[in-house]
Amino acid sequence: IMGCNLIGGWSHARDLIYSDTLFRAYNNERKIIETFYLAEQAGINTVFMVTQYYQTFNKYKNIYNSKMQSICQAMLPDKDFFSDINQAIASKPDAIYIQGGEGDRYANAGKFDMLKKAIDYIKQHGFQAGVGAHSLETIKSCEREGINADFYVKTFHHDKYWSAHPIENRVEYSVIGPGSPDHNRFHENMWDLFPLNTIEYMNSVNKPWFAFKVLAAGAIQPKDGFRYAFENGADHIVVGMFDFQVVENVNTVTEVLGSLGPRERKWFT
């Protein structure tokens, strides 16, 4: 599944300060439409989307009579709680989920009733409803509190790369807080702080799992990150990509799935 961060210009480039501007300069509307077309021709049939880019997405669909599906992430603003969900509904996606940072924010604050209201509201409007999370504790809370999500969108990547900080310094929910100036702590460098815990717990979750940040925002090679995600339980992977990465990523995931060994978690769709 194609992610939307690169389309919107949201980068995670550690301490590089110009990358968001570069992404936005490269991915103008014409380039975004070209990238959607290339992705669909290569066999990608679903994209993750944010409400503000549906105008471009729908323009693409109209130009090419596209059948591309979309899953929209929704924010939960404190002052107008359902406003972004309503925008998502108006955009006519195929499913809606609570954006990962928002899922973490509400779960960390113990506002499970509000998460439940959001999921129920989405379902009442006829959409499949999911919860996004960087922290495994958010998923655990949803399962424990009976928040009846149809699927989960959870970060997942290993920590065998240079900028991953030491496990003894990893703090739950730090991903949604400010980065630390200490190189041995979180600083826009990790999105699944405890991947082995994620593997163990998600084995018990009987719902589709969309894994995102599977390449740790570009720190892990696709062949490595894709295989790690699928072998260890992810049902779908969400990957942000530029146009020049699309064909290679599709070929890589096809190769990985074609040579995938047995895995403990059964598949969910």
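## Aromatic pairs

The structure holds 19 aromatic pairs. One of them joins F48 and Y97. Their ring centres lie 5.2 Å apart, and the planes stand at 45°. That makes the pair tilted. Two values are enough to describe such a pair: the distance of the centres and the angle of the planes. This is a predicted model, and the values here are computed from it.

Where do F48 and Y97 sit in the chain? F48 belongs to strand 1, while Y97 belongs to strand 3, which covers residues 95-98. The two residues are 49 residues apart, and the pair links distant parts of the chain.

Strands of a sheet pair through backbone hydrogen bonds, either parallel or antiparallel. Here, strand 1 runs parallel to strand 2, which spans residues 69-74. Five bridges join the two. Within this part of the sheet, V50 stands opposite Q73 of strand 2.

## Helix 3 with helix 4

Now to the helices. Helix 3 covers residues 29-42, and helix 4 covers residues 54-64. They pack at an angle of about 55°, and their axes are 10 Å apart.

Which residues make the contact? Helix 3 brings E29, I32, I33, F36, Y37 and E40. Helix 4 brings T56, F57, K59, Y60, I63 and Y64. By class, this contact of helix 3 with helix 4 has eight nonpolar residues, one polar residue and three charged residues.

## Helix 3 with helix 11

Helix 3 also meets helix 11, which spans residues 243-258. The two axes come within 9 Å and cross at roughly 15°. Angles under 35 degrees count as roughly parallel, so helix 3 and helix 11 are roughly parallel to each other. Helix 3 passes helix 11 in a right-handed crossing.

On the helix 3 side, the contact residues are K31, T35, L38, A39 and A42. On the helix 11 side, they are D243, V246, V247 and V250. Sorted by class, the contact of helix 3 with helix 11 has six nonpolar, one polar and two charged residues.

## Helix 6 with helix 7

Helix 6 (residues 100-108) packs against helix 7 (residues 112-124). The angle is about 140°, and the axes are 7 Å apart. Roughly antiparallel needs an angle over 145, so helix 6 and helix 7 are oblique to each other.

G103, Y106 and A107 of helix 6 touch F112, M114 and L115 of helix 7. How many charged residues does this contact of helix 6 with helix 7 have? It has none; five residues are nonpolar and one is polar.

Definitions and conventions
Residues numbered from 1 in each chain as written. Predicted model: local features only at pLDDT ≥ 70, side-chain atom pairs only at ≥ 80, totals over all residues. Heavy atoms only, no water. Axes fitted to C-alpha atoms, helices over the stretch in contact; angles between N-to-C directions. Helix = DSSP H or I, 4+ residues; strand = E, 2+ residues; numbered from the N terminus. Contact = heavy atoms within 4.5 Å. Nonpolar A, V, L, I, M, F, W, Y, C, P; charged D, E, K, R; others polar. Pairing = 2+ DSSP bridges. Phe/Tyr/Trp six-rings, centres within 6.5 Å; stacked < 30°, edge-to-face > 60°. Parallel < 35°, antiparallel > 145°, perpendicular 65-115°, else oblique. Left-handed = near helix turned anticlockwise from the far one by under 90°.
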